Amino acid sequence: GKWNIHPWDKGCYSIELKKSIIQTGIVHPPFLLSHPDKNFEVVSGHKRLHIAEKYLKSDKIGCFILPENLPEKSILDLLLTDQSSTPLSLAEKARFIQIASEYMTKEEIIENFSKRLEIRERNSVVDEMLGLLAMDVDIVKEIHCGRLQFKMIGELLRLKNPGDRLALVSLFKELSLGGGKQKKLFSLIRDLAYRNRTSVSEFLEGDEIQQILNHKDMNPPQKAQHLGNLLQEKLTPTYLDSENKFVIFAKELGLPENFSLGHSQAFETDEITAICSHQKSSR
């Protein structure tokens, strides 16, 4: 339906929601919009209705019926209020903006909903959110699950080839990478693919990379470590040697445990950063 805030999850629902409805029924009735032909359109509660129809014995489900002449702004208010009982994912926020953009200008969306959606009060955010939903549905699902952060999404959108985006996200998922590791691996792969004048997806099909990804005796973290080392060595052949020497150098200084040293990216400069972490005193 045009009001569905998570269409990529059609037919999917959490075990907790299923158990709750089976045990106590629908506590928060869905919203239906009435039409002149006496039919109804689901505004909010697709999952609740699906579970109730499948598992509850009753053939009647209590719903809130919205009048057919209700202004779209009011429908959007109700939709957001109903769905915000649990925090919206980034993808759901984007989908709400997509729905609202059918009836409002960017300025009106920002004015009416930016605070409730917890997004920046800039018109450009609307375009960024709509761009997010333009990606492959498998990527949208990863965003919905929280496995892709907003900064990483921006980097992906800069890749012109949709196949490259999907290949990277599939890799992140396969290796169970967090935000920081995603960004590091993304930069290495992008730069090497550009250097080799090939697409990201074609670069990832290379024999050396595939040997690591298909290794039977390595778990995902080990594969990620080996892949990162391989890519770093290819991009900057002296990096690993410099990294090892830096670690030895830092140890030889005999710094307190709450001090650590950092170096510039890929040792591009001789700059060294000292980091002090405050230790809690015990009593």
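Guide: In this predicted model, the largest pocket has a volume of about 660 Å³. Its lining is made up of 23 residues, and those lying nearest the centre of the pocket are Leu17, Arg48, Gln83, Ser85 and Thr86. Three helices, namely H1 (15-24), H2 (46-55) and H3 (72-83), each supply at least two residues of that lining. Sorted by class, the lining of the largest pocket holds 12 polar residues, together with 7 nonpolar and 4 charged ones.

Turning to the charged pairs, the structure holds 12 salt bridges. One of them joins Arg147 to Glu142, with the closest N and O atoms 2.9 Å apart. The two partners can be set side by side by their accessibility: Arg147 counts as partly exposed, at 39% relative accessibility, whereas Glu142 is buried because its relative accessible area is 6%, and buried here means under 20%.

Another salt bridge brings together the side chains of Glu155 and Arg190, at 3.7 Å from N to O. Glu155 belongs to helix H8 (residues 150-157) and Arg190 to helix H10 (residues 179-195), so this pair ties together parts that are 35 residues apart in sequence. Both partners count as partly exposed, Glu155 at 23% relative accessibility and Arg190 at 32%. The pair also belongs to a network of salt bridges that links Glu155, Arg158, Arg190 and Asp191.

A further salt bridge is formed by Lys234 with Glu208, whose closest N and O atoms are 2.6 Å apart. This pair links distant parts of the chain, since Lys234 is in helix H13 (residues 220-235) and Glu208 in helix H12 (residues 207-213), 26 residues apart. Lys234 is partly exposed, with a relative accessible area of 36%, and Glu208 is likewise partly exposed, with a value of 42%.

Away from the charged pairs, Leu253, Leu255 and Phe259 make a nonpolar surface patch of about 250 Å².

Ile99, by contrast, is buried, with a relative accessible area of 3%. This isoleucine is placed in helix H4 (residues 90-100), and its C-alpha atom is separated by 8.6 Å from that of Asn4, although Ile99 and Asn4 are 95 residues apart along the chain.

Technical notes. Residues are numbered from 1 along each chain as its sequence is written. This is a predicted model: local features need pLDDT of at least 70, side-chain atom pairs count only at pLDDT 80 or more; totals for chains, interfaces and linings use all residues. Side-chain values use heavy atoms; hydrogens and water are left out. On a 1 Å grid over the protein atoms alone, a cavity is a set of points where a 1.4 Å probe fits but cannot get out, and a pocket is an open set with protein on both sides within 12 Å along at least five of seven lines; lining residues have an atom within 4 Å of a point. Grid points are joined across faces, edges and corners, and a volume is the space filled by probe spheres set on the points. Helices (H or I, at least four residues) and strands (E, at least two) are DSSP runs, numbered from the N terminus. Ala, Val, Leu, Ile, Met, Phe, Trp, Tyr, Cys and Pro count as nonpolar, Asp, Glu, Lys and Arg as charged, and the others, Gly among them, as polar. Patches are made of residues with over 30% relative accessible area and no salt bridge: like charges are joined within 9 Å, nonpolar side chains (Val, Leu, Ile, Met, Phe, Trp, Tyr) within 5 Å. Accessible areas come from the Shrake-Rupley method with a 1.4 Å probe; for residues, only the protein chains shown count as cover. A salt bridge is a side-chain nitrogen of Lys or Arg within 4 Å of a carboxyl oxygen of Asp or Glu. Buried means under 20% relative accessible area, exposed over 50%, partly exposed in between (1.4 Å probe, protein chains only).
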